[in-house]
Amino acid sequence: MRAILFLLLSIILFNCSSQKLKRGPKIIDGRKVKEHIVQENLIVTVPRNWRRIFNHGSIGFSPLGSMGYYKNGIKIFYSNKNDTSYPSFDEYVKNIIQRMQEGRNIKMENQSVLLDTTQYGKTYTYKFSVKTGIAEEVTINKFFEQNENYYHFYNRSYRQYFKKYSSDSEFIFNNLKFKD
């Protein structure tokens, strides 16, 4: 009796959680992908060899076999522009970059800020590297505005894995979908 109850409970729990996480597989741009709903207004499409992870209180994505978030990881943050104290998108980006610079107690190297136009419109890219006691890390932050929200696409990677996963990161960024 206990075995049957355990089996039924396991099936119910497994089915509920898998339905919430999966929306694929699909093939986009020749890649098998999985889609994840990260927020009620954003769908993230990742290559099939990536997984959804929970890291420091938020959802992120990392390649399979990468020991969690450490070798390479992507997170996407957002703020409703009506709920922020920033008078403009430019001020929002400036403030986030300043907080990132002030919040580090190690030297940030190779810093650059670029302004470009992507499929999401005006996009800032803030790139820097840091050397920790473990490894050198490269971080790329992309900021853009979409549907009344400010978005922050955060990609951090150990330098030795940066080139390996950079095309996956670009793929994820370029295939974000927004609900109206």
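**Notes on the predicted model**

1. Residues 24 or more positions apart make up 45% of the contacts in the protein with a separation of 6 or more, where contact means heavy atoms within 4.5 Å. The model is a predicted one, in which local features need pLDDT of at least 70 and side-chain atom pairs count only at pLDDT 80 or more, whereas totals for chains, interfaces and linings use all residues. Residues are numbered from 1 along each chain as its sequence is written, and side-chain values use heavy atoms, with hydrogens and water left out.

2. On confidence, the average pLDDT of the protein is 78, and 72% of the residues score at least 70; pLDDT is the predictor's confidence in each residue, from 0 to 100. Over residues 1-25 the pLDDT stays under 50, and for this stretch the model has 11 contacts beyond four places in sequence. Where pLDDT is low, the predicted coordinates should not be read in detail.

3. The protein has three helices and 11 strands, these being DSSP runs numbered from the N terminus (helices H or I, at least four residues; strands E, at least two). Read from the N terminus on, the order of elements is α-β-β-β-β-β-β-α-β-β-β-β-α-β.

4. Of the 180 residues of the protein, 44% count as buried, that is, under 20% relative accessible area, with exposed meaning over 50% and partly exposed in between (1.4 Å probe, protein chains only). The accessible surface of the protein comes to about 10,700 Å², and 54% of this belongs to carbon and sulfur atoms; the areas come from the Shrake-Rupley method with a 1.4 Å probe, and for residues only the protein chains shown count as cover.

5. The largest nonpolar core holds 18 residues, of which Val44, Ile76, Ile172 and Leu176 touch the most other members; such a core is a set of buried Ala, Val, Leu, Ile, Met, Phe, Trp, Tyr and Cys residues joined through side-chain atoms within 4.5 Å. Two or more residues each are given to this core by strand 3 (42-47), strand 5 (58-63), strand 6, strand 10 (149-158) and helix 3 (159-174), and helix 3 supplies the largest share, four residues. Apart from this core lies another, of 15 residues, including Phe89, Ile96, Phe143 and Tyr150.

6. Strand 8 pairs on both sides, and two strands pair if DSSP finds at least two bridges between them. Strand 7 (residues 108-118) runs antiparallel to strand 8 and is joined to it by nine bridges, with a hairpin through two residues linking them. Nine bridges also join strand 8 to strand 9 (residues 136-146), again antiparallel; here the hairpin passes through four residues, and Glu136 in strand 9 is the bridge partner of Lys131.

7. Leaving aside neighbours within four places in sequence, Thr125 is in contact with Ser112, Val113, Leu114, Ile140, Asn141 and Lys142.

8. Phe77, found in strand 6 (residues 72-80), is partly exposed, with a relative accessible area of 33%. Not counting residues up to four places away in sequence, Phe77 touches Ser58, Tyr150, Tyr151, His152 and Tyr154. Phe77 and Tyr150 are 73 residues apart in sequence, while their C-alpha atoms are 8.3 Å apart in space.
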